[in-house]
Amino acid sequence: MKKARLFIALITAKLLVFLIRLLGRGKGTSLPGSIALKIYPGLISDLSSRVRKGVIVVTGTNGKTTTNNMIARILEAGGGRVLINREGANLINGVAAAFAREMNFLNSRAFDYACLEVDEAAFPGVASRVRPCCVVITNFFRDQLDRYGELDRTIALVRNALKEMEGTRLVLNADDPLVAQLGRSTGLQSVFYGVAEHGGVTRQGAAAREAKFCPFCGHELAYRYYQYSQLGSYSCPGCDFSRPDPDVEGTSPRRGGSFTQCRVRFRQGSAVSLEVPVYGMYNLYNALAAYATTLLLDMDPQKAAGFLKGYRPATGRMERFDYRGKPVYLNLVKNPTGFNEGIGALVEMSGADLNVMIAINDNDADGRDISWLWDVDFEILADCQERIREFVCSGYRAEEMALRLKYAGILTSRLVVEGDFNEAVSRVLGGGAGKTCILATYTALWPVERILSGYAKRDHTPAEHLPHVS
Amino acid sequence: MPRGITPRLNICHMYPDLLNLYGDRGNIMAYRMRCLWREIEVAIHQVNIGDSVDFDRMDFIFLGGGSDREQSLMAADLAEKAGALEQAIEGGVPVLAICGGYQLLGKYYKTLTGDIIPGLGILDLYTDGGETRLIGNVAVEVELGGIRQTITGFENHSGRTCLGKLDPLGKVMAGHGNNGRDGMEGARYKNVICSYLHGPLLPKNPFVTDYLIACAVKRKWSIPLKPLDDSIEMSANSVMLKRLLGP
């Protein structure tokens, strides 16, 4: 009976994926999973138990997609067959859809690993079904608070789910106290990764810091330095909680034209040089998370570093387009930390003037509450606004975006409100500046990308990658 | 205003390190910018745990909301300053309290398990914990300083607040408001405005900001506030009202 249900669920899901793609209604990453789970609720646990070597789950606020793709890249290059929920479909339906799409009833397609990026809120449900051998946690920042309540509750959700697990190993960001605490509070075996002090660290904390207080005793944490946001070297004056000594530590990070480089020290006292074709400190963290995970899975350190060099950013995440010989960058934004990183990269962009478009939607997937825009440091843009010809604000909340920029100190003469994506894209491309940068929330990203690809060619040469944030 | 004197207002931002949820710092940004655009100088005093503060010297006090843990840290510190804060409020210092800050000014917060967390007891109101969170966009009809407008914002709270002998800030046109039952949102007492609205409240609703600035200015000088161009603010407001209340 169970087998019959699994069979029907798989056939239905595959048929739906086929139909959805045929009708051009998207990639079929969620609905087929939801129907398949209704037909056979045991689908995920049944299919995930077929994965031979183990399931790896990546969760946290930012960097899930990138980290997960990097892990999959290393494992695949090492000769493993890897199942992945590649499209960023990271709720339970998306995970079900990935299994239903990739596996068949007779189990003739065997996978060595499954790499799953999982939304924090969906983590307990997914993790209890897939029983991961390894859970990677990137960081905790504020994200879509109206859906999860508060950050503390999100972390408690993940922590309680982890406590139920046995034998699962954790890969934790040593530099984020909100993540690192999970090693002790869950009692699970943990591997830590982090970045050592370097010339770019700051002594002062930023405004959008999440955690000031010790998760164990409530004292204010003392920091020696910050990497960004609450990431850094911390210790509690009230108890013995402090930044764990990382098992995998990046040292002397250096930015090249389109890549980031560092030395990686790992426990045995060995070191390798790591180079990833992405940009920004937070992508270095993603790379270190992926590197630490694959070492934990007994990958050869030299080989893993070599495979990581061949990583390419995922489609739809910070892509470079070419419009009449000028670069256009498209970047997903979804929370203050990620938005600040995007702004930082935009300000650093070398060369001439810029046109900027910001598209803000407030559907469920974007977060219905857009208050978080006020936690983003748009004031940095005001300081260099002479370089920016125009800010085109678009999406359902175009007016609110313009309002935010006005109070950041941007002259209203530079602000254009154009709710319609077609009009907005055509306006920003027609702006005549040397470079164009488009920042969009989740549900705005896809329509904007579609419109943009009608005007501009996708540029695959990795010349000057902006950060892709997720 | 006497010639040669630059008016200067002292803004007190309570616990910015702790109470920094939901973009509430936007309230300080809006207050400051709307002063600067009128050539009124502002000095922002950030008060964190353990800092001392002279509330009587302040022209505007802002108290936001935080997550549960940070809120309880803040409450313990503010309890020591309660007397001085009450005196300032009675003396007419303008105050904006949002969400957790609003609840804290009242008598108590009663949790679902029946525990009573005492508030500062400055305002005649109390809050009961609720099983569900009240979340979503809100429209509230408000009358302040003789102007009637429908303000917008976003609420996200599990506490249900009931007012004693206090006026509400306004009448809920869409959303839940104080408790989801009596159709009221927020509270007013002297120059204190309390509200559950994030969004944040002041940038989205400039007439509330101007009311608070005018209250502060009136206590020192007799100058009218220069009107500003609020077309972006008004269009953001009308988009949301159209969505919530229909055309």
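## Basis

This is a predicted model, in which local features need pLDDT of at least 70 and side-chain atom pairs count only at pLDDT 80 or more, while totals for chains, interfaces and linings use all residues. Residues are numbered from 1 along each chain as its sequence is written, chains are lettered from A and ligands numbered from 1 in the order written, and side-chain values use heavy atoms, without hydrogens and water.

## Domains of chain A

Chain A is assigned domain 1 (2-309) and domain 2 (319-458), with bounds from an automatic or database domain assignment. Their centres, taken over C-alpha atoms, are 28 Å apart.

## Gln227(A)

Strand β7 (residues 222-228) of chain A includes Gln227(A); strands are DSSP runs of E, at least two residues long, and helices are runs of H or I, at least four, each numbered from the N terminus. Gln227(A) is buried, at 9% relative accessible area (buried means under 20%, exposed over 50%, partly exposed in between; 1.4 Å probe, protein chains only).

## Interface of chains A and B

In chain A, 34 residues are in contact with 39 residues of chain B (contact means heavy atoms within 4.5 Å). The rule finds five salt bridges across this interface (a side-chain nitrogen of Lys or Arg within 4 Å of a carboxyl oxygen of Asp or Glu). Arg243(B) forms a salt bridge with Asp362(A), with the closest N and O atoms 3.0 Å apart. On the side of chain A that touches chain B, α14(A) gives the most, with seven residues.
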